[in-house]
Amino acid sequence: MAAESGHETLTSGDYIAHHLHNLQVCRADGEWVWNHCAGNPMALNVDSMFFSVLLGVVFIWIFGRAAKKASAGTPGKMQAFVEIVVDFIDSSVKDTYHGKSKLIAPLALTIFVWVFFMNLMDLIPVDWLPEVGLMIGIPYLKVVPTTDVNITFGMSIAVFFLVIFYTVKSKGVLGFVKELTLHPIAPPTKGAGLIAAPFIIAFNFILETVALLAKPLSLSLRLFGNMFAGELIFILIAMLGIWQLPLHFAWAVFHVLIVTLQAFIFMMLTVVYLTLAQEEH
Amino acid sequence: MDINMTLLGQSIAMLVFVWFCMKFIWPPIMNAIEERQTQIADGLAAAERGQQSLDKAQAESEDIVGDARKQATTILDQAHARASEIVAEGKTDGAKERERQVAAAVADVEQETNRAREELRGQVSAIAVASAEKILRREIDATTHEDILSKLAAEL
């Protein structure tokens, strides 16, 4: 398929780079510019945002339709499917989180289904949508939003702020500060050791800050890394000519597992972080 | 792979979707599931109650049938006893009737015999008188010796 990707002198390096290039828009020199935005922090990855929001709307549409029709009577097939997913998320959340927050379970549902849908875009053969894009004049199209580090970071940072919000909400600002400074080594409160207290507090603060920042970082990089690697292997397989068919199938079967697992892990870790935010250590 | 505004856009999109899900998707679906759970629990409880009352009714009906069977046996026994009683009664009645009729016949026969005997006696005495008349015609008048003759007839 490599030779079909548009240009005559296309090397495999170009092919891969083309597939990994986002469709970007940014403002440069007072004008809207497409695809010359390397290094511009104000650029927007239009393809990632488009598919991400589209899949979010698909999620809202499917589940919203079921929610609108929800009744205690005999459920339809779609209704039953949606209820199975909701019940699965609900029991997963209840296993971990025992608080009263009305946010965490719907948050987990949204994350799971949305990330699952975004990961699932990986199973569409890598050339289909970009080829269609080329036909209608879109030079770059990266169809799997979760292979864009901005998307995974965007979600994990939202989770990060929720973690901080819930920590402050359940323990107060003082509690949050205490959590950052008085753990894991409790500073001495009297006697000669008092001199060492500022150092211990500083040490705790550095340690806890790293731990706090590591949460969103690991959350997003895990999802990004898995999906990016999977996508890259799909692209490499797509360059093998006819042999790509069995290989693509085999990798796709394996990838279904990764797609589901990564969505589940992202959701579960979010719930765990939010649970930790509200619990005393 | 640069970090850019997509990050912010995705964060905002996520918060909007989560808010929408929390407001309009999760509560109605959860309510429906929980409501159905209670309904199913109630239904199961009702089914169990129904089963219990069915068992009770079955036991009762068995009792009733047993009683009825017992009663029927008693009635049948009584009927049998009554039937043999009636047959026995019939037999005694028949025997009595027979005896009565035999006795009546015997009485009739006796009566007839007596009547015949009386007649015979009359005839014999008449014959005796006639023969005696024939014998005594010549010597005795019948009217004068009538007392002797009737005495003789009574003795016969």
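User: Where do B:Arg100 and B:Glu97 lie, and how many residues apart?
Analyst: Both are in helix α1 of chain B, 3 residues apart, about one turn of the helix. Helices here are DSSP runs of H or I with at least four residues, strands are DSSP runs of E with at least two, and both are numbered from the N terminus.

User: Before I go on, what kind of model is this?
Analyst: This is a predicted model, where local features need pLDDT of at least 70 and side-chain atom pairs count only at pLDDT 80 or more, while totals for chains, interfaces and linings use all residues. Residues are numbered from 1 along each chain as its sequence is written, chains are lettered from A and ligands numbered from 1 in the order written, and side-chain values use heavy atoms, leaving out hydrogens and water.

User: Back to that pair. What do the side chains of B:Arg100 and B:Glu97 meet in?
Analyst: They meet in a salt bridge, 2.7 Å from N to O. The term covers a side-chain nitrogen of Lys or Arg within 4 Å of a carboxyl oxygen of Asp or Glu.

User: Is B:Arg100 buried or exposed?
Analyst: B:Arg100 counts as exposed because its relative accessibility is 51%. B:Glu97, at 34%, counts as partly exposed. The classes are buried under 20% relative accessible area, exposed over 50% and partly exposed in between, with a 1.4 Å probe and protein chains only.

User: How many salt bridges over all chains?
Analyst: The structure holds 7. Among them, B:Arg82 pairs with B:Glu85 at 3.0 Å, N to O, and B:Arg121 pairs with B:Glu118 at 3.1 Å.

User: How far apart are B:Arg82 and B:Glu85 in helix α1?
Analyst: They are 3 residues apart in helix α1 of chain B, so about one helical turn separates them. B:Arg82 is partly exposed at 43% relative accessibility, and B:Glu85 is partly exposed at 44%. B:Arg121 and B:Glu118 are likewise 3 residues apart in α1 of chain B, about one helical turn.

User: New topic. What is the count of salt bridges between chain A and chain B?
Analyst: The count is 1. A:Glu83 forms the bridge with B:Arg36, with the closest N and O atoms 2.6 Å apart.

User: And how many residue pairs in polar contact between chain A and chain B?
Analyst: There are 11, both residues at pLDDT 80 or more. A polar contact is a pair of N or O atoms within 3.5 Å; within protein, one must be able to donate a hydrogen and the other to accept it, and residues adjacent in sequence count only if both atoms are side-chain atoms.

User: What area is buried between chain A and chain B?
Analyst: About 3,400 Å², with carbon and sulfur atoms giving 75%.

User: What is B:Gln10 in contact with?
Analyst: Leaving aside neighbours within four places in sequence, B:Gln10 contacts A:Met49, A:Ser52, A:Trp114, A:Met118, A:Asn150, A:Ile151, A:Gly154 and A:Met155. B:Gln10 lies in helix α1 (residues 5-136) of chain B and is buried, at 0% relative accessible area.

User: Which residues form a disulfide?
Analyst: A:Cys26 and A:Cys37, with sulfur atoms 2.2 Å apart; the cut-off is a pair of cysteine sulfur atoms within 2.5 Å. The link is left-handed, at -90 degrees about the S-S bond. A:Cys26 is in strand β1 (residues 24-28) and A:Cys37 in the loop between β2 (31-34) and β3 of chain A, 11 residues apart. Both cysteines are buried.

User: Last one: how many helices and strands in chain A?
Analyst: Chain A has 8 helices and 3 strands. Buried residues make up 46% of its 281 residues.

Technical notes
Buried area = accessible area lost by both parts, 1.4 Å probe. Contact = heavy atoms within 4.5 Å.
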